[in-house]
Amino acid sequence: MSSMNRRAALRTLSGAGLVVLAGGGEWAWSAPAKIKPDATSALVVVDVQNCFITGGTLAVKNGEDVVPVINRIAPAFQNVVLTQDWHTPGHASFASSYPGKKPFETTKLAYGTQVLWPDHCVQGTADAELDHDLKIPQAELIVRKGFHKDVDSYSAFEEADRKTPTGLEGYLKQRGIKKLFVAGLATDFCVAWTALDARRAGFETYVIEDACRGIDLNGSVAQAWKDMTKKGVKRIQSDDIDLA
Ligand code: VGL
Ligand code: ZN
């Protein structure tokens, strides 16, 4: 390889992986190490439900696009936990519960500011079912959340009152899980809150960006990444995972 080509190659490759010297003094390309899920890793698939997918009551833009990505990576995980937003009719997070309030406005509840949503993911409805194209037969646990009428729960670990645990932390720790890989909907709400609580609970936490889609209210996706990065959540892509 000429020195010109070598420089060009280095420019192209910088940041993407390792350039090493091969036996004959030539530059050779070595792919960056991928992350290999092991017995202490779990994939947490957040709220991949009809309500958050096109045609649902709180559809996330391109929400359905996470399904093939999640289906592709899921076989690499022996531990998978799913979550399901699971609200009562007339839930405190529904705008329809407050005369004069509209979806995406906010209100003050006992535990703080609550974004008001369209009625969504009501217990037992087709809208609340997991997306039927999701193919993760080995999934071990489904955590339902948001089932207390007066309290929302974006996080799979703790309700929005910040004091009622869902039990997920105990479940994962008792089973020896140390690393969590979070995917699903929506990046800026249930995924971010789950990932932040995972860090708080001491898990090594990865959010798989291309396996998530966001709602994005007033820049909330960018803010969520800022908050997550600050707390040590690792932002990765599905290609960073070793699927072999
Ligand atoms: C979610 C808003 C309301 C989510 C759930 O899954 O991100 N967002 N309920
Ligand atoms: Zn909800």
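1. In this predicted model, the shell around ligand 1 consists of Asp47, Phe52, Leu58, Asp85, Trp117, His120, Tyr154, Leu185, Ala186, Phe189, Cys190 and Ile215 (a residue is near if one of its heavy atoms lies within 4 Å). By class the shell holds nine nonpolar residues, one polar and two charged (Ala, Val, Leu, Ile, Met, Phe, Trp, Tyr, Cys and Pro count as nonpolar, Asp, Glu, Lys and Arg as charged, the others, Gly among them, as polar).

2. Alone, ligand 1 exposes 260 Å², and the protein buries 100% of that (Shrake-Rupley method, 1.4 Å probe).

3. The space that ligand 1 takes is the largest cavity (on a 1 Å grid over the protein atoms alone, a set of points where a 1.4 Å probe fits but cannot get out).

4. Asp85 and His120 also coordinate the zinc ion (ligand 2), together with His87, through OD of Asp85 and NE2 of each histidine, at 2.0 to 2.2 Å. Donors are N, O and S atoms within 2.8 Å of the metal (3.2 Å for Na, K and Ca); water is not among the atoms, so sites may look incomplete. Along the chain the donors follow the spacing D-x1-H-x32-H.

5. Residues are numbered from 1 along each chain as its sequence is written, chains are lettered from A and ligands numbered from 1 in the order in which they are written. Local features need pLDDT of at least 70 and side-chain atom pairs pLDDT 80 or more, while totals for chains, interfaces and linings use all residues; side-chain values use heavy atoms, with hydrogens and water left out.

Key
On a 1 Å grid over the protein atoms alone, a cavity is a set of points where a 1.4 Å probe fits but cannot get out, and a pocket is an open set with protein on both sides within 12 Å along at least five of seven lines; lining residues have an atom within 4 Å of a point. A molecule sits in a cavity or pocket if more than half of its atoms lie within 2 Å of its grid points.
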